[in-house]
Amino acid sequence: MKKLIALLAVAAVAATTASAQLINGAGSTFDNPAFTTWFDAYSKVDPSVRFNYQAIGSGGGIKGLTDQTVDFGASDAPMTNEAMSKAPGKILHLPVVAGSVAITYNLPGNPALKFDADTLAGIYLGNISNWKDPKIAALNPGADLPDLPIVVVHRSDGSGTTFIFTDYLSVVSREWKSKVGKNTSVKWPTGVGGKGSEGVSGQVKQLPGAIGYVEQAYADQNHLPVAKLKNAAGEYVAPSADAASKAMATAKIPDDFRFSMVNAPGEGAYPIAGASWIILYQKQPDNATGHNLIKFLKWAVTEGQKLTPALSYAPLPDNVQQRELQMLDGVEF
């Protein structure tokens, strides 16, 4: 009898899984640690819904949503008016996480390092090409800097993390703004590429003298050293959820939720911080999928936020959560 009950229970679970509503998403690698945790937690809230998310970069998420091959996209860069005009319907931007983009490196002994905006821009412009450069040495007195060429590592795919990083460099460096600018993909003056945060992390770990930028969560998970950066208040701050929260607290968030929070003013704010958005259609193409997606998103921007600090993200402020719930109430099916 016990075996029969066990078999029936397994069959019931299998039947539920088979009949579950599948919601497809794609895009940001920045969000992936949060999504993995949220999808698992939400399966206990509503077992009738399953998620298939492909972390292919923000550019892929925008394309997937525009082409309607996914039910939602995820991007660390807000879509431009031009990009949204090419979509078959009105697109909404829903901030779901905020976090820090960490500067990581591979040096003998991995000394604790500090960078200011001018030095970091100079490295990525190719103007500073050796770890013994006087500008790096001046910021890091006492650090054992090797006589090694700097190997710049950047994303090779369309990336919202790249958007946040180049947005910061464009704000703090006139030369960067005029020569390179900000976007999910740019023409890098120097360096080697890696696909996704995993690719950049891997390149940095393998290449002596390498420097790269990754989401803080990936730096933490891969035990990579991270630099402190000089913020707008003149402090050297390490990437953290708290430092990203302080940056977000100063952000001016418009009604359409497309905003930037790099080089934020105020004490304790980490300078390369940004939000990441789920992008979706205001009028959902499929009734059942749409209703289940909105139920999940309402959970993610409220209850789901309680899980984000442990993943190195800054939780959304309460007032932002309430504004997002109002926007989601306006979704049509």
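Guide: Axes are lines fitted to C-alpha atoms, for helices over the stretch in contact, and angles run from 0 to 180 degrees between N-to-C directions. Helices (H or I, at least four residues) and strands (E, at least two) are DSSP runs, numbered from the N terminus. The model is predicted: local features need pLDDT of at least 70, side-chain atom pairs count only at pLDDT 80 or more, and totals for chains, interfaces and linings use all residues. Residues are numbered from 1 along each chain as its sequence is written, and side-chain values use heavy atoms, with hydrogens and water left out.

Visitor: At what angle do the axes of helix H12 and helix H13 cross?

Guide: The axes of helix H12 (residues 287–300) and helix H13 (residues 318–329) cross at roughly 175° and come within 10 Å. H12 and H13 are therefore roughly antiparallel to each other (angles over 145 degrees count as such). On the H12 side, Ile294, Leu297 and Lys298 make the contact, and on the H13 side Leu325, Leu328 and Asp329 (contact means heavy atoms within 4.5 Å). By class, this contact of H12 with H13 has 4 nonpolar, no polar and 2 charged residues. Here Ala, Val, Leu, Ile, Met, Phe, Trp, Tyr, Cys and Pro count as nonpolar, Asp, Glu, Lys and Arg as charged, and the others, Gly among them, as polar.

Visitor: In what order do the strands of the open sheet lie?

Guide: Strands of a sheet pair through backbone hydrogen bonds, either parallel or antiparallel. In this model, 3 strands form an open sheet in the order S5-S9-S10, with mixed pairing (two strands pair if DSSP finds at least two bridges between them). Strand S5 (114–115) and strand S10 (236–237) are the edge strands, each pairing on one side only. S5 and strand S9 (residues 228–230) run parallel and are joined by 2 bridges. Lys114 stands opposite Lys228 in S9.

Visitor: What volume does the largest pocket have?

Guide: Rolling a probe the size of a water molecule over the atoms shows where empty space is left. On a 1 Å grid over the protein atoms alone, a pocket is an open set of points with protein on both sides within 12 Å along at least five of seven lines; lining residues have an atom within 4 Å of a point. The largest pocket has a volume of about 360 Å³, where grid points are joined across faces, edges and corners, and a volume is the space filled by probe spheres set on the points. Among the 23 lining residues, Ala77, Pro78, Met79, Thr80 and Phe163 are the closest to its centre. Strand S11 (273–281) is one of the elements that supply at least two lining residues, and S11 gives the most, with 4 residues.

Methods:
Parallel < 35°, antiparallel > 145°, perpendicular 65-115°, else oblique. 1 Å grid on protein atoms, 1.4 Å probe; cavity = no way out; pocket = protein on both sides within 12 Å on 5 of 7 lines; lining within 4 Å.
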